[in-house]
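Please look over the sequence and the model below. A short report on selected features follows.

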Amino acid sequence: MADSERFQNPWMASDQTATHATHFRERQSSNSDNLGIGERAFSASGAAFLSAIIVNPLDLAKTRLQAQAAGVAYSHPLSNMTSRMACFGPNMMFADLRCSPSCNRAGIQGTVSICPPDCFRYKGTLDVLYKIIQQEGFARLWRGTNAGLALAVPTVGIYLPCYDILRNWLEGFTDKNAPTATTYVPLVAGSLARSLACATCYPIELARTRMQAFKVTQIGKKPPGVFQTLLGVVSHVKSTNSPQNSLQGYRVLWTGMGAQLARDVPFSAICWSTLEPTRRKLLSLVGGDDANALSVLGANFGAGFFAGTLAAGATCPLDVAKTRRQIETDPIRALKMTTRQTLMEVWRDGGLKGLFTGFGPRVARAGPSVGIVISFYEVVKFALHHRYTSS
């Protein structure tokens with residue numbers, strides 16, 4: 001099948017736009033072939049680095065809402081009498097346990113000023129962001145960002161370059177041997193690349209979710225970092241098992257990976273199979289052969305935003321299951337849980353609403369995140385290619 005026939009599909013408005021898209025696709029493939037794996041990884045890692053910083057507050061809000069629905073209690077660390085006695089002693093007097101210094105909803109219990117439970121319960125995305133700023137500080141909105149940045153290089157640095165290489169190889173293979181299967185190449189390449197990236201760096205993803213889900217319960221104590229979080233998970237499992245089963249302490253670092261793959265593989269399949277035709281359409285509208293860095297940026301951001309939003313909405317129940325498995329504190333239960341069982345529990349506890357907990361911040365995060373990553377990645381590739389051709 002000729003390339004000009006291959007791109008004539010419902011996404012193309014006319015023969016002229018199909019021709020523009022074909023020419024751009026050929027040039028884009030040629031550009032990609034000129035770049036090595038190191039340059040692709042550099043482009044992808046820079047994109048992930050930028051995205052992780054910008055959208056982390058929404059990711060944090062999504063995780064807190066899902067954790068709250070799973071039973072994680074968000075309250076003042078000294079809101080019960082046992083904690084107060086342990087901290088202040090039996091002669092505690094006039095303790096101020098308000099959620100924040102500016103809160104005027106606090107009541108008096110004996111000599112203690114304490115806020116009602118509503119002050120610590122999240123009601124929605126904006127409420128999560130507001131209460132984190134008021135109670136924990138503005139900087140806490142970026143809790144888990146260090147884990148996200150630690151994931152940027154190995155995860156996206158594997159994911160996007162592998163997707164590029166697999167897509168180019170599969171498209172060349174299917175064009176010659178199975179032209180009708182070419183449409184499904186982005187779906188297959190995206191799924192395979194995401195599976196590889198997820199399996200490689202999963203423990204850091206586990207640490208990020210737990211860092212975002214759990215608040216520090218001791219006043220003035222610095223929250224644990226990535227290494228301390230993972231060490232705590234391993235230590236907790238080892239303390240509940242016999243020495244002969246101590247290896248389970250390390251196995252638990254991959255607890256919930258099945259749920260993450262169950263979320264990420266469909267996400268990648270939906271995202272890439274939507275993104276590829278959408279950006280070809282957008283690129284054909286902004287010039288095709290005459291595309292510059294600005295048009296490449298705009299077309300890829302628009303396509304990424306649309307595809308990321310659609311994929312995030314469709315896979316939200318699987319994201320809820322992933323979060324619930326990653327924040328499970330009982331190590332025995334964590335090792336025995338399955339994604340199917342978790343989804344059944346969520347349905348039993350909260351019905352359809354429970355399955356879509358955190359839908360708003362997840363969708364609001366995924367659209368810009370995918371748009372930023374894809375557009376930055378493609379623009380850097382575009383710039384690197386032009387640097388090589390002009391030198």
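## Val373 in helix α15

Val373 sits in helix α15, which covers residues 359-390. The model is a predicted one. Val373 has a relative accessible area of 12%, under the 20% cut-off, so this residue counts as buried.

Which residues does Val373 touch, leaving aside those up to four places away in sequence? The list is Ala47, Ala48, Ser51, Val156 and Leu160. Phe49 is 324 residues away along the chain, yet its C-alpha atom and that of Val373 are separated by 8.8 Å.

## A nonpolar surface patch

Phe49 also belongs to a nonpolar surface patch of about 690 Å².

Trp142 comes from a loop, the one between α5 (125-136) and α6 (145-177). Is Trp142 buried, partly exposed or exposed? Its relative accessible area is 30%, so Trp142 is partly exposed.

## Helix α5

Helix α5 has twelve residues, and at 1.5 Å a residue these should span 16 Å. The end C-alpha atoms are 16 Å apart, so expectation and model agree. The expected span takes 1.5 Å times one less than the number of residues.

Which residues of α5 are buried? They are Asp127, Val128, Leu129, Lys131, Ile132, Gln135 and Glu136. In an α-helix there are 3.6 residues a turn, so residues three or four places apart point the same way. Just after α5 comes Gly137, with a positive phi of about 105°.

## Thr315 between two helices

Thr315 is found in the loop between α11 (293-314) and α12 (316-326). Is Thr315 buried or exposed? Thr315 is buried, because its relative accessible area is 2% and the cut-off for buried is under 20%.

Residues up to four places away in sequence are again set aside for its contacts. Thr315 then touches Arg263, Pro266, Phe267, Ile270 and Arg362.

## Aromatic pairs

How many aromatic pairs are there? With ring centres within 6.5 Å as the rule, the count comes to seven. Tyr74 and Tyr122 form a tilted pair, at 5.0 Å centre to centre with 50° between the planes. Tyr74 lies in the loop between α3 and α4 (81-88), and Tyr122 in the loop between β3 (112-114) and α5, so the pair ties together parts that are 48 residues apart in sequence.

Tyr74 is buried, with a relative accessible area of 8%. Tyr122 is buried too, at 4%. Elsewhere, Tyr159, Tyr163 and Trp272 form one aromatic cluster.

## The chain as a whole

The protein chain holds 15 helices and three strands. Of its 391 residues, 51% are buried. Take the contacts with a separation of 6 or more: residues 24 or more positions apart account for 74% of them.

The chain exposes about 18300 Å². Carbon and sulfur atoms supply 64% of that area.

How values were computed. Residues numbered from 1 in each chain as written. Predicted model: local features only at pLDDT ≥ 70, side-chain atom pairs only at ≥ 80, totals over all residues. Heavy atoms only, no water. Patch = residues over 30% accessible without salt bridge, like charges linked within 9 Å, V, L, I, M, F, W, Y side chains within 5 Å. Areas by Shrake-Rupley, 256 points an atom, 1.4 Å probe, with all protein chains shown as cover. Salt bridge = Lys/Arg side-chain N within 4 Å of Asp/Glu carboxyl O. Helix = DSSP H or I, 4+ residues; strand = E, 2+ residues; numbered from the N terminus. Buried < 20%, exposed > 50% of the residue type's maximum accessible area, 1.4 Å probe, protein only. Contact = heavy atoms within 4.5 Å. Phe/Tyr/Trp six-rings, centres within 6.5 Å; stacked < 30°, edge-to-face > 60°.
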